[in-house]
Amino acid sequence: MRIAGAAKLVVVVAIFLLTFYVISQVFEIKMDANLGHIFARSALDAAARSTKPPRYKCGISKACPEKHFAFKMASGAANVVGPKICVEDNVLMSGVKNNVGRGINVALVNGKTGELLDTKFFDMWGGDVAPFIEFLKSIQDGTIVLMGTYDDGATKLNEEARKLIAELGSTSITNLGFRDNWVFCGGKGIKTKSPFEQHIKNNKDTNKYEGWPEVVEMEGCIPQKQD
């Protein structure tokens, strides 16, 4: 009887030890798996961070060289969403800022410092072109001029206004028509035609929106004015 009791005890102890061993092994395997998952995830996160493309000022596609100002702008979308103008990562005009309106929207920027000088919009559908002409005449040499249409920017434009805008470097202003979408970046005192201009005609056969063409966007690097 004593031998049988001792044998049972040995068996119980052996089963206990075996169970403990199996549980410990499973636990270690799970711990190893969890740690492995954590380390693998950390490595993937680090790789994702290292391959994430850099963000440049105003969200443009590449960095500007030294002594240049980054800019990005978009015309209005039909008569619903206003235009947007950004320079050096500063949004100068937008619907969110509540400083845009129907017609031609204008932002003036200091050509040496990139500092905002003024923003205005002129209603070229129901307004008067005279204040716009006076505004254009008042722009000082060395000023960067950014313009974008919203809804309609051409109906009230006359030859004098178009000529003044052409002197800022625009080539499309002479052809700007009813509800065309147009964005332009030029300067007062510029000696050549500006390379920064986009124009889409209002055409019922190709319009993206009923009665209006698609939005035009433009980005680039404006050379800083040198003394």
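Biologist: Which residue forms a salt bridge with Glu-160?

Modeller: This is a predicted model. Glu-160 pairs with Lys-137, and their closest N and O atoms are 3.1 Å apart. Because Glu-160 belongs to helix α3 (residues 159-166) and Lys-137 to helix α2 (residues 129-138), the pair ties together parts that are 23 residues apart in sequence. Glu-160 counts as partly exposed at 37% relative accessibility, and Lys-137 counts as partly exposed at 45%.

Biologist: How many salt bridges are there by this rule?

Modeller: The count comes to seven. One of them joins the side chains of Lys-57 and Glu-88, at 2.7 Å from N to O. This pair links distant parts of the chain, 31 residues apart: Lys-57 is in the loop between α1 (2-51) and β1 (68-74), and Glu-88 is in the loop between β2 (84-87) and β3 (90-93). Lys-57 is partly exposed, at 41% relative accessibility.

Biologist: Where do Lys-201 and Asp-180 lie, and is each of them buried or partly exposed?

Modeller: The side chains of Lys-201 and Asp-180 form a salt bridge of 2.9 Å, N to O. Lys-201 is in the loop between β8 (196-200) and β9 (217-223), while Asp-180 is in the loop between α3 and β7 (181-187), so the bridge ties together parts 21 residues apart in sequence. As to accessibility, the cut-off for buried is under 20% relative accessible area. Asp-180 is therefore buried, with 2%, whereas Lys-201, with 42%, is partly exposed.

Biologist: Let us turn to covalent links. How many disulfides are there by the rule for sulfur atoms, and how are the bonded cysteines paired in sequence order?

Modeller: There are two disulfides by that rule. With the bonded cysteines of the protein numbered in sequence order, the pairing is 1-3, 2-4. Cys-58 and Cys-86 form a disulfide with their sulfur atoms 2.1 Å apart. The torsion about their S-S bond is about -85°, so this disulfide is left-handed. Cys-58 is in the loop between α1 and β1 and Cys-86 is in strand β2, so the bond ties together parts that are 28 residues apart in sequence. Both Cys-58 and Cys-86 are buried.

Biologist: Which parts of the chain does the disulfide of Cys-64 and Cys-221 tie together?

Modeller: The sulfur atoms of Cys-64 and Cys-221 are 2.0 Å apart. Cys-64 lies in the loop between α1 and β1 and Cys-221 in strand β9, so the parts tied together are 157 residues apart in sequence. A torsion of about -90° about the S-S bond of Cys-64 and Cys-221 makes this disulfide left-handed. Cys-221 is buried, with a relative accessible area of 19%, but Cys-64 is partly exposed, with 21%.

Biologist: Finally, which residues touch the most other members of the largest nonpolar core?

Modeller: In this core of 24 residues they are Ile-104, Val-106, Phe-132, Leu-136, Met-147, Leu-157 and Trp-182. The elements giving two or more residues to the core are β4, α2, β6 (143-150), α3 and β7. Of these, α2 gives the most, with five residues. Leaving aside neighbours within four places in sequence, Met-147 has contacts that include Ile-104, Val-106, Phe-132, Leu-136 and Trp-182. A second, separate core has 18 residues, among them Ile-85, Leu-92, Met-93 and Val-183.

Key: Residues are numbered from 1 along each chain as its sequence is written. This is a predicted model: local features need pLDDT of at least 70, side-chain atom pairs count only at pLDDT 80 or more; totals for chains, interfaces and linings use all residues. Side-chain values use heavy atoms; hydrogens and water are left out. A salt bridge is a side-chain nitrogen of Lys or Arg within 4 Å of a carboxyl oxygen of Asp or Glu. Helices (H or I, at least four residues) and strands (E, at least two) are DSSP runs, numbered from the N terminus. Buried means under 20% relative accessible area, exposed over 50%, partly exposed in between (1.4 Å probe, protein chains only). A nonpolar core is a set of buried Ala, Val, Leu, Ile, Met, Phe, Trp, Tyr and Cys residues joined through side-chain atoms within 4.5 Å. Contact means heavy atoms within 4.5 Å. A disulfide is a pair of cysteine sulfur atoms within 2.5 Å.
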